[in-house]
Each structure stands twice: as structure tokens, then as C-alpha cells.
Amino acid sequence: MPITLENVGIAVRDLDEAIAFFTDLGLTVLGRDTVSGEWTDTAVGLDGNHAKIAMLQTPDGGGRLELFEYIHPSAIESEPMRPNVIGMHRVAFKVDDIDAALEIAARHGCHPLRGVATYEDVYKLSYIRGPSGIIVMLAEELTTGDPASA
């Protein structure tokens, strides 16, 4: 059976704040909507489900995020996840310039959990705490595969 990844869904406290953060990093809003009704109750598994949603896409068209802000039932606040908690905990983006991406994140009050690390001279990467406590990994590839750059 063929399978493809459609999107990653993330519940957020403030949809507009999350959209501003991700669009400043370079994603594009494909659409926004407010959803409710029997079909959403069935699909999501929550009675009376009512949410504001937005679909965002990476510039290369290969990745999508669906952000949703619950109107009903009320969103449940929890402590932000740590990187070693089992379950979904981060979304990762490859960026051309990690320093520029971190400056954009900082303008939204989002900062690295610890700093910027280098993985085997292949990537510079950092985990940052994004809007609504989302962990976002930013990674800048250091090698291009071009023999002249080695």
C-alpha cells in the first residue's frame, strides 16, 4: 500500500500568533477555516468539536503543518514537553541560515533550549521553544555535496 505524509497537526493556544511565527520562518498559508459539526466530531473523536484551523506549507511544497485552535471543547493546557518525553514532540525545518532563522524566532519571543550545536560537520542545529510551547528544530546543512566545497 503506498503511503505519503499529508501533514503534521499541532494544537496551538493562539492561531494568529502561531501563523505569524511560521510564516516569518518562510511557510505559506494555504488556507484558513473554522470547522465544526458531526464530521469533525467523528474524525477527531471529540463531541462538539469546534476549531479554527490553518494549513501552512514549506516553500518547496514538500511539507505541511495544520495548526488548530480549539474553540470547543476548551484546549487543555499542559507543561511544555521536553525533548525526551515519549510521543510527538517536535517539528524540524532545514534552513539556509540558522542564525537568521534564530533572529526571526527571537522576534517572536522564541529562543533555543540551550544553544546551537554542530553535528559531525554536517549540520548546525538547535531546538527552540516556539509558540504554545512547540519544540521546533532548525537545521542548517553545512555540506552541499559539491566536491569543490569539501
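Predicted model: local features only at pLDDT ≥ 70, side-chain atom pairs only at ≥ 80, totals over all residues.
**The whole chain**

Start with the entire protein in a cartoon view. Three helices and eight strands make up its secondary structure, and in sequence order they run β-α-β-α-β-β-β-α-β-β-β. The C-alpha trace spans about 60 × 35 × 30 Å along its principal axes. Among contacts with a separation of 6 or more, 54% are between residues 24 or more positions apart.

Switch to a surface view. The protein exposes about 9,600 Å², and 52% of that comes from carbon and sulfur atoms. Of its 150 residues, 29% count as buried. Now colour the charged side chains: 11 are positive and 23 are negative. The centres of the two sets lie 5 Å apart.

**Helix 1**

Select residues 15–24, which form helix 1. Which residues of helix 1 are buried? They are Leu 15, Ala 18, Ile 19, Phe 21 and Phe 22. Look down the axis of the helix: these buried residues fall within an arc of 165°, so they line one face of helix 1.

One of its side-chain oxygens comes to within 3.1 Å of the backbone nitrogen of Asp 16. Just after helix 1, select Gly 26, which has a positive phi of about 125°.

**Phe 22**

Stay in helix 1 and pick Phe 22. Its relative accessible area is 0%, so Phe 22 counts as buried. What does Phe 22 contact, leaving aside neighbours within four places in sequence? Show Leu 27, Leu 56, Leu 65, Leu 67, Phe 93, Ile 134 and Val 136 to see these contacts. Phe 22 and Val 122 are 100 residues apart in sequence, and their C-alpha atoms are 25 Å apart in space.

**Glu 69**

Next select residues 64–72, which are strand 4, and find Glu 69 in this strand. Is Glu 69 buried or exposed? Glu 69 is buried, with a relative accessible area of 16%. A polar atom of the Glu 69 side chain lies 2.8 Å from the backbone nitrogen of Leu 15. Leu 15 is one of the buried residues of helix 1. Leaving out residues up to four places away in sequence, Glu 69 touches Val 12, Arg 13, Asp 14, Leu 15, Ala 51 and Lys 52.

**Thr 58**

Go to the loop between strand 3 (50–57) and strand 4, and select Thr 58. Thr 58 is buried, at 15% relative accessible area. Show Asp 60 too: a polar contact of 2.6 Å joins the two side chains, that of Thr 58 and that of Asp 60. With neighbours within four places in sequence set aside, Thr 58 is in contact with Leu 27, Gly 63 and Phe 93. Leu 27 and Phe 93 are also among the residues in contact with Phe 22.

**Backbone exceptions in the loops**

Most residues other than glycine have a negative phi, and most peptide bonds are trans. Three places in this model depart from that.

- Select His 72 and Pro 73. The peptide bond from His 72 to Pro 73 is cis, with omega near -10°. Pro 73 lies in the loop between strand 4 and strand 5 (90–95).
- Select Glu 120, in the loop between strand 6 (117–119) and strand 7 (123–129). Its phi is positive, near 45°. Glu 120 counts as exposed, at 59% relative accessibility.
- Select Ser 132, in the loop between strand 7 and strand 8 (135–141). Phi of Ser 132 is positive, near 60°. Ser 132 counts as partly exposed, at 22% relative accessibility.

**Helix 3**

Finish with residues 98–107, which form helix 3. Its buried residues are Ile 98, Ala 101, Leu 102, Ile 104 and Ala 105. They cover an arc of only 155° around the axis, which puts them on the same side of helix 3. What covers them includes helix 1, strand 5, strand 7 and strand 8. Turn the view to the face away from the buried side: there helix 3 carries the exposed residues Glu 103 and Arg 107.

Check both ends of the helix. At the start of helix 3, a side-chain oxygen of Asp 97 reaches to within 3.0 Å of the backbone nitrogen of Asp 99. After helix 3 comes Gly 109, with a positive phi near 75°.

Notes. Residues numbered from 1 in each chain as written. Heavy atoms only, no water. Helix = DSSP H or I, 4+ residues; strand = E, 2+ residues; numbered from the N terminus. Buried < 20%, exposed > 50% of the residue type's maximum accessible area, 1.4 Å probe, protein only. Contact = heavy atoms within 4.5 Å. Areas by Shrake-Rupley, 256 points an atom, 1.4 Å probe, with all protein chains shown as cover. Lys, Arg positive; Asp, Glu negative; His and termini not counted. Charge placed at Lys NZ, Arg CZ, Asp CG, Glu CD. Arc of directions from axis to C-beta. Polar contact = N/O pair within 3.5 Å; in protein donor to acceptor, adjacent residues only side chain to side chain.
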